Amino acid sequence: MPRMAVVGATGAVGRVMVDLLVERGFDDVRAFASARSAGTEVRGLPVEEATPDSLAGFDVCFFSVGSKASRELVPPAVRAGALCVDKSEAFRLETGVPLVVPEVNGKRALEHEGLIANPNCSSIPLTLVLKPLHQVAGLRSVRVATYQSVSGKGARRLQQLLDEPQAEHDLSVDWDFDGEEFDEEMKIREETRKILELPELAVSATCVRVPVPVGHAESVWIETEEPLAPARAREVLGNAPSVRLEDFPTPGQAAGGDEALVGRIRRDPAAENGLSLHLACDNLRKGAALNALQIAELVLETQPVPSGQVRGSDTRAKV
């Protein structure tokens with residue numbers, strides 16, 4: 001059984017990661033976080049301070065921390081021999097670092113040099129839906145509007161939402177702004193291109209934060225190279241891995257689930273070969289922790305660690 005470390009275990013994604021590892025039968029798991037959180041517990045696991053020395057000796061390290069902490073902690077863990085799956089934006093667009101959604105480009109995970117990047121929590125469900133449509137009709141352009149839950153900002157922001165009066169709930173934009181677009185919008189564009197291996201694909205995104213605890217939703221407008229009838233698109237997506245058809249997907253429906261929900265698939269009369277659809281996904285599970293775990297399972301099945309056979313559940317990604 002591989003030795004697992006969850007770094008950032010007290011955060012919103014880290015807690016889900018610990019839950020998933022325990023639920024799926026991994027019994028050699030240790031939890032790490034900042035010095036401030038050291039000494040607390042996550043699902044009965046004592047939380048230790050994450051340092052380069054404390055992270056030595058693991059087979060797999062999952063990082064759910066900010067970019068600064070990832071840049072400090074990931075390289076030493078890689079040098080110590082761990083497979084590192086990093087959720088931050090620190091390494092996603094670096095040349096030579098695989099950016100992986102197992103159902104979309106899982107083979108890239110096997111090209112790692114100790115580090116695999118976990119995509120943005122909006123890019124993951126988007127590419128799950130785009131890849132099968134591209135395979136049957138080709139993609140010419142993609143426009144997306146995201147409605148992202150506050151848990152995407154972290155456990156502290158989620159608690160603020162739960163504590164504040166409903167009358168204070170509003171839309172927000174809490175990403176860095178360069179004068180033209182938010183960095184979240186850039187991430188969706190560039191990550192989608194890298195995951196789909198379509199570097200020239202025209203992608204435009206508009207992102208807002210909505211007062212929803214868990215679950216990101218996205219409205220997507222697609223122009224395909226070849227005509228694609230809505231009925232055929234529904235058929236294709238109904239057979240796609242980790243995708244489930246719903247009449248009208250919502251964050252509430254998606255919360256706690258392991259699939260991207262997609263619906264409202266219809267013709268877009270504003271574009272030649274245009275399609276419009278709506279999707280929702282649990283941003284803490286498939287949008288983050290589960291995707292990272294599936295990456296690790298995929299690698300370990302091909303490159304098993306000496307300590308034993310990897311166990312998991314039947315929701316492992318198929319590639």
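In which sense do strand 8 and strand 10 pair, and over how many bridges?

## Basis of the model

This is a predicted model, in which local features need pLDDT of at least 70, side-chain atom pairs count only at pLDDT 80 or more, and totals for chains, interfaces and linings use all residues. Residues are numbered from 1 along each chain as its sequence is written, and side-chain values use heavy atoms, with hydrogens and water left out.

## The open sheet

Strand 8 (residues 139-148) and strand 10 (residues 216-224) pair in the antiparallel sense over eight bridges, where pairing requires at least two DSSP bridges between two strands and strands are DSSP runs of E with at least two residues, numbered from the N terminus. Within strand 10, Glu218 is the bridge partner of Thr146.

Six strands make up this open sheet of mixed pairing, in the order 9-8-10-13-12-11. Strand 9 (202-209) and strand 11 (243-245) stand at the edges with a single partner strand each, so one side of each is left without a neighbour in the sheet.

## Aromatic contacts

Three aromatic pairs are found in a search of the whole structure, the criterion being ring centres of Phe, Tyr or Trp (its six-membered ring) within 6.5 Å. The rings of Phe32 and Phe58 have centres 5.6 Å apart and planes at 90 degrees, so this pair is edge-to-face (planes over 60 degrees apart). Phe32 is buried at 0% relative accessibility, and Phe58 is buried at 6% (under 20% relative accessible area, 1.4 Å probe, protein chains only). Trp175, Phe177 and Phe182 form one aromatic cluster.

Terms used
Helices (H or I, at least four residues) and strands (E, at least two) are DSSP runs, numbered from the N terminus. Rings of Phe, Tyr and Trp (its six-membered ring) pair if their centres lie within 6.5 Å; planes under 30 degrees apart count as stacked, over 60 as edge-to-face and the rest as tilted. Buried means under 20% relative accessible area, exposed over 50%, partly exposed in between (1.4 Å probe, protein chains only).
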